[in-house]
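Subject: Structure handover

Hello,

Here is the structure we talked about handing over. Please open it alongside these notes.

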Amino acid sequence: MKKLIIILLILCIVWSLNADAESTSWYFKPSGNERPVCYGGSDLPDKYDCIYLGEDTKTVYLTFDAGYYNDNVGKILDVLKAHGAKAAFFVLPGIIKNNTEAVKRMAEDGHLICNHSYSHKNMGCIESYDSFIDEMTRLEEVCYQYTGVTMSKLFRPPEGAFSENLLKYCAKGGYTPVFWSFAYADWDNGNQPDAQKAKQKILSNLHNGEVMLLHPTSATNAAILDDVLTEIESRGYRYGTLDEFDSAEAAKLDTLREYQKQGKIFSGSNTSQKVIALSFDDGPDPYHTGQILDILDIYGVKATFFVIGCNAESNLDLLKREIDDGHEIGVHTYSHTAMSKLGKAKLKDEITRTAAIIESCGYTPTLFRAPGGELWFDGIDVANELGYTAVMWSWRLDTRDWAGVSADSIVNTVLGNLAGGDLPLFHDYNPKNGHTVEALQILIPRLMELGYQFVTVSELCAL
């Protein structure tokens, strides 16, 4: 009987894993001008914060899947510009490499440049997180290399093929999956739909919060888009952009800005001086921290290390070296548990416990960074009450080195969003296959060539 139970448990686990990995396809059930039912009404897309249908307001989100270029793409861009409509373009390497100026124009016109994967294969069957990240970052690197544009972290799976594993990989890597609530068969250039029928189909399915998927290479779309947009506007709709979807995040950002004004949180300086503060989270780590310290020493760069108490306790020699080398040390809690999960009392204990470990090495910390950059403002208040300045990082300067992205991706994230007074985020506790060390060897001399000086976070705060 015990053997039977064990076998059944194993089968359940295997079934569960296979279910997570099973590829499926996105779909919606049209309901005229009423809001459609998407993916059968399943809560799976919402579980992973997928974008596919906006709030029940008169807003339309225009999105285009752009794998290559023809004259219709330019015509589409002209119409969008004439209507002041901003869209999201999900691009592939072909259009970036072969029609670079078109992608540059998309960005210059205010459209979002988004990820459609590097190879346009069935991403529902992606084998691993590493394979997923490779697909994402290879395209990001091509985009930055050819256009100088840093891609949005919005991702549309090719042909809408996905699995729960893919959605998990998106969440882990910081990408937002984007599907749609309306699309029609417009992609086959050899079998284009009749213009009048296509226009009727689009408008007869217009609905509140619509995420509209079109292909800009379609001759039919190029012919009818001006009329379609004119009619959409006449019905009282506005054009939204996908980056406005998360109202909760927008509210957090508003509160963050208020806390910044009050001096409760610091995330970079508005100075015009060419200064930058390198910050590292999650160490000390016996594999990476020493290598990073060696590189900083070679170039005479001082940085700020936000240490996890349990890691510092286990690697006191590295903590002492950070201090002896003149670097700044901040508190990153003892266990790296989210502040909101710890609660105020436990958070206070973790901060003071970590500070005591740092102080045992002859250094008194004054900075605190929340695990994961969590904006739990009760926790920020706890840190402030203990006398710490709460530190985030500059917007768009999370290098995501913790996810194992390539050195080029790390470098491009910093250089592609660079301004005076910036505070990028790195990690000295990384996967063994992480590329932070390699990236710093490229990035530091490049920043020096650009005339940047390196300061600690506290020095940046004082500017």
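Keep in mind that this is a predicted model.

Cysteines first. The structure has 0 disulfides. A disulfide would need the two sulfurs within 2.5 Å. For cysteine 114, the closest cysteine sulfur is likewise that of cysteine 143. Cysteine 114 counts as buried because its relative accessibility is 0%. Cysteine 143 is also at 0%, so cysteine 143 counts as buried too.

Next, the second largest pocket. It holds about 400 Å³ of space. Its lining has 19 residues, and those closest to the centre are Asp65, His120, Glu159, Trp187 and His215. By class, the lining splits into 11 nonpolar, 6 polar and 2 charged residues.

Now the cores. The largest nonpolar core contains 129 residues. Which residues have the most contacts inside it? They are Leu62, Leu80, Phe132, Ile232 and Leu278. Take leucine 62 as a place to start looking. Setting aside neighbours within four places in sequence, leucine 62 touches Leu80, Ala85, Lys86, Ala87 and Ala88 among others. Its contacts also include Met212, Leu229 and Tyr239. There is a second, separate core of 10 residues, with Val275, Leu367, Val455 and Leu460 among them.

Best wishes

Technical notes:
Residues numbered from 1 in each chain as written. Predicted model: local features only at pLDDT ≥ 70, side-chain atom pairs only at ≥ 80, totals over all residues. Heavy atoms only, no water. Buried < 20%, exposed > 50% of the residue type's maximum accessible area, 1.4 Å probe, protein only. 1 Å grid on protein atoms, 1.4 Å probe; cavity = no way out; pocket = protein on both sides within 12 Å on 5 of 7 lines; lining within 4 Å. Points joined across faces, edges and corners; volume = space filled by probe spheres on them. Nonpolar A, V, L, I, M, F, W, Y, C, P; charged D, E, K, R; others polar. Core = buried A, V, L, I, M, F, W, Y, C linked by side-chain atoms within 4.5 Å. Contact = heavy atoms within 4.5 Å.
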